[in-house]
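Reader: I would like a close look at one part of this model. Please keep it brisk.

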Amino acid sequence: MFFPDYRARRLRQSENFRRMIRETTLSVDDLILPLFSVGGKGVKNPIPSMPGHFQLSVDKIVKEAIVARDLGIPAVMLFGIPDKKDALATSAYAKNGIVQKTVRALKDKVKDLAVITDVCLCEYTDHGHCGVVQDGIINNDATLDLLARTALSHAQAGADMVAPSDMMDGRVAEIRDALDENGFESVPIMSYAAKYCSAFYYPFRQAVESAPKFGDRRTYQMDPANSLEAIREVTMDVEEGADIIMIKPARAYLDIICRVREEIDLPVAAYNVSGEFAMIKAADKLGWLDGSKVMMESLIAIKRAGADIILTYFAKEAAKKLRQD
Ligand code: PBG
């Protein structure tokens, strides 16, 4: 393919040609909208670093979910901000915990919308870690039972899918067993399989008040320098029964998405996280770039890398843009 026999520009000269040879498409079907649920009524607390996102009480979250559904978004991912936190994250698996209440309301009031729940302890522990702390160390095996109880309580409330984000070893198998033993064998698990210890989670931790009170998450979340390890993490979760594999964050980890896509035949999800959203919003506000165009380019890049599903705070905006176009 040498010039002048081959001219790359021949197929770029019209929008119709460009449409015909486009290799990747983005659809509203690919998007999942994360939502933050808090106690009270009529509550809509803005999250400063995530413009357009709020801590929402159950009544407000129902409204927001209807908006998402009407835009064609197939699913929401729920996070909870509990009234009280303690060492063992008891609000995470309480029958009337914030996520459990929200799931029941959504399943009751919003038809045709899949409700996925984030399964983790960090929003519910007073120390802010994703597991049980013993002598200053995050105890893996002592955490598994609490994660399984949390996932089960979400399924009992009516969750359509559960998504463990804690990064403890062995949690997918433990959750699968707990679901199966209780008659929830058809509830799928989307595992945050390769979740990196990333500074891009900063706005999220402000949003749900979950920053660790001591230390950091480096003993359980992955080192950003590693990619072979991502394959081991993913393989482990596949073998334990995960139905969808998630990579997180997305934009700075496109190589990982690409590699995992080649290694496995399960659906691959990517989490376009809070910091990735905040950076684009901030630059747009400063007039330093066109936020809407960068949003669409970012989302298509995540698809091109190999993701089938994108969890993104841009879900509503992107859905509107796709509809216009
Ligand atoms: C909980 C969890 C985190 C995110 C999703 N689930 C934060 C963390 O690990 O501290 C981050 C999401 C985002 O930044 O958008 N473990």
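At what angle do the axes of helix H2 and helix H3 cross?

Author: A word on the source comes first. This is a predicted model, in which local features need pLDDT of at least 70, side-chain atom pairs count only at pLDDT 80 or more, and totals for chains, interfaces and linings use all residues. Residues are numbered from 1 along each chain as its sequence is written, and side-chain values use heavy atoms, with hydrogens and water left out.

Now the helix pair. H2 covers residues 58–70 and H3 covers residues 98–109. Helices (H or I, at least four residues) and strands (E, at least two) are DSSP runs, numbered from the N terminus. The two axes cross at roughly 45° and come within 10 Å. Axes here are lines fitted to C-alpha atoms, for helices over the stretch in contact, with angles from 0 to 180 degrees between N-to-C directions. H2 is therefore oblique to H3. Angles under 35 degrees count as roughly parallel, over 145 as roughly antiparallel, 65 to 115 as roughly perpendicular and the rest as oblique. The crossing of H2 past H3 is right-handed: the near helix is turned clockwise from the far one by less than a right angle.

Which residues meet? From H2 come Val58, Ile61, Val62 and Ala65. From H3 come Thr102, Ala105, Leu106 and Lys109. Contact means heavy atoms within 4.5 Å. By class, this contact of H2 with H3 has six nonpolar residues, one polar and one charged. Ala, Val, Leu, Ile, Met, Phe, Trp, Tyr, Cys and Pro count as nonpolar; Asp, Glu, Lys and Arg as charged; the others, Gly among them, as polar.

Next, the backbone. Most residues other than glycine have a negative phi, and most peptide bonds are trans. Phe3 and Pro4 are joined by a cis peptide bond, with omega about 10°. Pro4 sits in the segment before helix H1 (15–21). Another cis bond links Lys248 to Pro249, with omega about -5°. Pro249 belongs to the loop between strand E10 (244–248) and helix H8 (254–263).

Met167 is not a glycine, yet its phi is positive, about 70°. Its loop runs between strand E8 (161–164) and helix H5 (171–181). Met167 counts as buried because its relative accessibility is 4%. Buried means under 20% relative accessible area, exposed over 50%, partly exposed in between (1.4 Å probe, protein chains only). Glu209 also has a positive phi, near 55°. Glu209 is partly exposed, at 44%.
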